[in-house]
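Have the sequence and the 3D view open as you read.

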Amino acid sequence: MSAIAHPYQDRTLTVDQRVEDLLTRMTLEDKAGQMFQPMATLGDDLDAPGLFGSPSMRTIIDRGITHVNILQAPSAREIAAWHNALQEEARRRGLGIPFSLSSDPRHSFSNNPAAALIAGPFSQWPEFLGFGAIDDPELTRRFAEVVRREYLAVGIRTALHPQIDLATEPRWARASGTFGQSAEVTGRLAVAYTLGLQGDELGAESVSAMAKHFPGGGPQLDGEDPHFSYGREQVYPGGRFDLHLQPFRDLLAAGVSQIMPYYGMPIGTEYEEVGFGFNKQIIQGLLRDELGFDGIVCTDWGILSRTFWGVESLTYDERMMKSLDAGVDQFGGEFNPKALIGLVRAGSVPESRLDTSVRRLLREKFRLGLFDDARFVDVDAA
């Protein structure tokens, strides 16, 4: 394709103009693929089995999926080369929509599979809890700028962090990933960290931040883990729901690009007792309407297939419809665009609903420069 074979490739147009042009050229299958973000397997063999039940990379590509989450940490050169090969494969297909790579935090000394990632080739720093203890916003921003540069070098463009839950329940196992129990400390450090990743506005040198876990995942009943059914209940001792929400208010005001709702289901509040990824009062009502957020909402990993708390009686398709109705844009850890396509063709979900979410997802790709020079990285520099 020439540089401006289609208007969406023309850099002189606005991002919104490019998004709208591309959207008109997309099939239903193209749109559905954007709304899933499974785990990816690094390596030269595109047919290698995926991680934790995810499909191979070839299957992911064939399904039109262009967002993936990486867990492995080989050398920086290997990650960068794999990223470039993936982008080259994407460019040869259809509309050439580039891949967006994401990662959980990987800059500490932890190695706790499925909860924390080994740093591998990345620089090692204290846990987020350590930065909370120091409580130095300038230092936290400098740290985030290092994370940004190292992510950019290998092609990671979305950070599945900061985690801004409040560690008010000492038995909760994920406290080390937070900035502590203080809403004030968490708010100011989260803002500093996000500005270090994104800059003052999202651009070609930015890493998009996905803050989690909305509206605050710390107050789990008995400190249990909501990855499992016995930890699904989220409570607010003293009725302090707003305390846990406060860091998100701070971060939304600072322009965070993405939000991840938690697995847990609120108990004893005014909100429906279903997981936050299915909760229309929380996502559409609180996050979108009241707090004015128009960025990307991506679910925590696997809520349709594994961690569907409060909606256990619903089928997979019904869970998908409820989550879409709640205001979700993308399904983390899921890889079944065919189900979404089937819902649209059956008249259960209007295609215009997909357009709403795909606009947000494409807008971010354009703002990050992924359709332009920022698509590829320098393997030697990495």
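Which charged end sits over the ring of Phe-308? The charged end of Arg-319 does, 3.7 Å from the ring centre. A charge counts as sitting over a ring if NZ of Lys or CZ of Arg is within 6 Å of the ring centre and within 35 degrees of the ring normal.

This is a predicted model, where local features need pLDDT of at least 70, side-chain atom pairs count only at pLDDT 80 or more, and totals for chains, interfaces and linings use all residues. Residues are numbered from 1 along each chain as its sequence is written, and side-chain values use heavy atoms, with hydrogens and water left out.

Now to the aromatic rings. Rings of Phe, Tyr and Trp (its six-membered ring) pair if their centres lie within 6.5 Å; planes under 30 degrees apart count as stacked, over 60 as edge-to-face and the rest as tilted.

| Pair | Centre to centre | Between planes | Class |
|---|---|---|---|
| Phe-228 and Tyr-230 | 5.5 Å | 10° | stacked |
| Tyr-262 and Tyr-263 | 5.9 Å | 35° | tilted |

Phe-228 is partly exposed, at 42% relative accessible area, and Tyr-230 is exposed, at 56%. Tyr-262 and Tyr-263 are both buried. Here buried means under 20% relative accessible area, exposed over 50%, and partly exposed in between (1.4 Å probe, protein chains only). Elsewhere, ring pairs link Trp-125, Phe-128, Phe-131, Phe-143, Phe-179 and Tyr-193 into a cluster.
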